[in-house]
Amino acid sequence: MRTKIVLASFCMSIILTLWLGKITFAQNRAATDNLVFTEFYSQIIKEKRRLIVHLPLNYAKEPTKKYPVMYVLDGGNQDVHTSDQISVLAKTGLIPECIVVGVLNTKTGKNRDQTPPFMQTETDDPKSPFGEADHFLKFLEEEIIPKIDSNYRINGYKTLTGHTRGELFVLSSL
């Protein structure tokens, strides 16, 4: 049964990719957004953090338009293709244009930041520390979101997405 579910998911992913007509390779990526890179020191998690903000191509041309925001964990890895797909879907009219914010990890902080405090960061190591997702959530809510809200034209709609450990964080933050 599990094999059928995995196979069906794989097939649906291929069909969706072909339907969108958008197979993007890093070396010849078409312009789908305007990038803003920012770095700041977090008073909550006590370290420098970086963000990549993907603004819709028409952001500067439409100075009164406001946009929803999608916060993407594992920025620098997951935000590029997410922004590309949002641009494609927005061009077809299926979804609105969106500001995508990639939240970059530190080299050693991903498991710490995205693991809930009631779980150990490494499931196969009984001596591993417990996660600090509660601090990371506070960092998102009290530092990143206000920074984006005050610097960009947002319409109040916000989403958060993650991949693998990031999915765990998103679900535990609900």
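**Figure 1. Strand β4 and its partners.** Leucine 51 has valine 103 as its bridge partner in β4. Helices (H or I, at least four residues) and strands (E, at least two) are DSSP runs, numbered from the N terminus. The model shown here and in the views that follow is predicted: local features need pLDDT of at least 70, side-chain atom pairs count only at pLDDT 80 or more, and totals for chains, interfaces and linings use all residues. Residues are numbered from 1 along each chain as its sequence is written, and side-chain values use heavy atoms, with hydrogens and water left out. β2 and β4 run antiparallel and are joined by four bridges; two strands pair if DSSP finds at least two bridges between them. Valine 103 is also the bridge partner of leucine 73. β3 and β4 run parallel, with six bridges joining them. From β3 the chain crosses through α2 to β4, and this β-α-β crossover is right-handed (with the strands pointing away from the viewer, the path from the first strand over the helix to the second runs clockwise). Elsewhere along this pairing, tyrosine 71 stands opposite valine 101 in β4.

**Figure 2. The two faces of β4.** Here we look at the side chains of the strand. Six of the six residues of β4 are buried, where buried means under 20% relative accessible area, exposed over 50%, and partly exposed in between (1.4 Å probe, protein chains only). Ile99, Val101 and Val103 point one way, while Val100, Gly102 and Leu104 point the other way. For context, buried residues make up 36% of the 174 residues in the protein.

**Figure 3. Strand β3 beside β5.** Nine of the nine residues of β3 are buried, so the strand counts as mostly covered. β3 runs parallel to β5, and five bridges join the two. Proline 68 is 88 residues from glycine 156 in sequence, yet their C-alpha atoms are 6.4 Å apart in space.

Figure 4. The whole structure holds nine salt bridges, each being a side-chain nitrogen of Lys or Arg within 4 Å of a carboxyl oxygen of Asp or Glu. In one of them, glutamate 97 meets lysine 65, with the closest N and O atoms 2.9 Å apart. Glutamate 97 sits in the loop between α2 (79–91) and β4 (99–104) and lysine 65 in the loop between β2 (47–56) and β3 (67–75), so this pair ties together parts that are 32 residues apart in sequence. Lysine 65 is partly exposed at 30% relative accessibility. Another salt bridge joins lysine 110 and aspartate 74, at 3.4 Å from N to O. Because lysine 110 belongs to helix α3 (residues 110–114) and aspartate 74 to strand β3, the pair ties together parts that are 36 residues apart in sequence. Lysine 110 is partly exposed, with a relative accessible area of 25%, whereas aspartate 74 is buried, with 4%. Salt bridges that share partners also join Glu47, Arg49, Arg112 and Asp113 into one network.

Figure 5. Lysine 48 forms a salt bridge with glutamate 39, and their closest N and O atoms are 3.9 Å apart. Lysine 48 is exposed, with a relative accessible area of 54%.

**Figure 6. Aspartate 79 and histidine 54.** Aspartate 79 is found in helix α2 and is buried, with a relative accessible area of 0%. Its side chain and that of histidine 54 are joined by a polar contact of 2.5 Å. Such a contact is a pair of N or O atoms within 3.5 Å; within protein, one must be able to donate a hydrogen and the other to accept it, and residues adjacent in sequence count only if both atoms are side-chain atoms.

**Figure 7. The kink in helix α4.** Helix α4 (residues 133–151) has 19 residues and reaches 25 Å from its first C-alpha to its last, close to the expected 27 Å (1.5 Å times one less than its number of residues). A kink of about 35° is centred on leucine 140, the bend being the angle between axes fitted to the seven residues ending there and the seven starting there. Leucine 140 is one of the buried residues of α4, which also include Phe136, Phe139 and Ile144.
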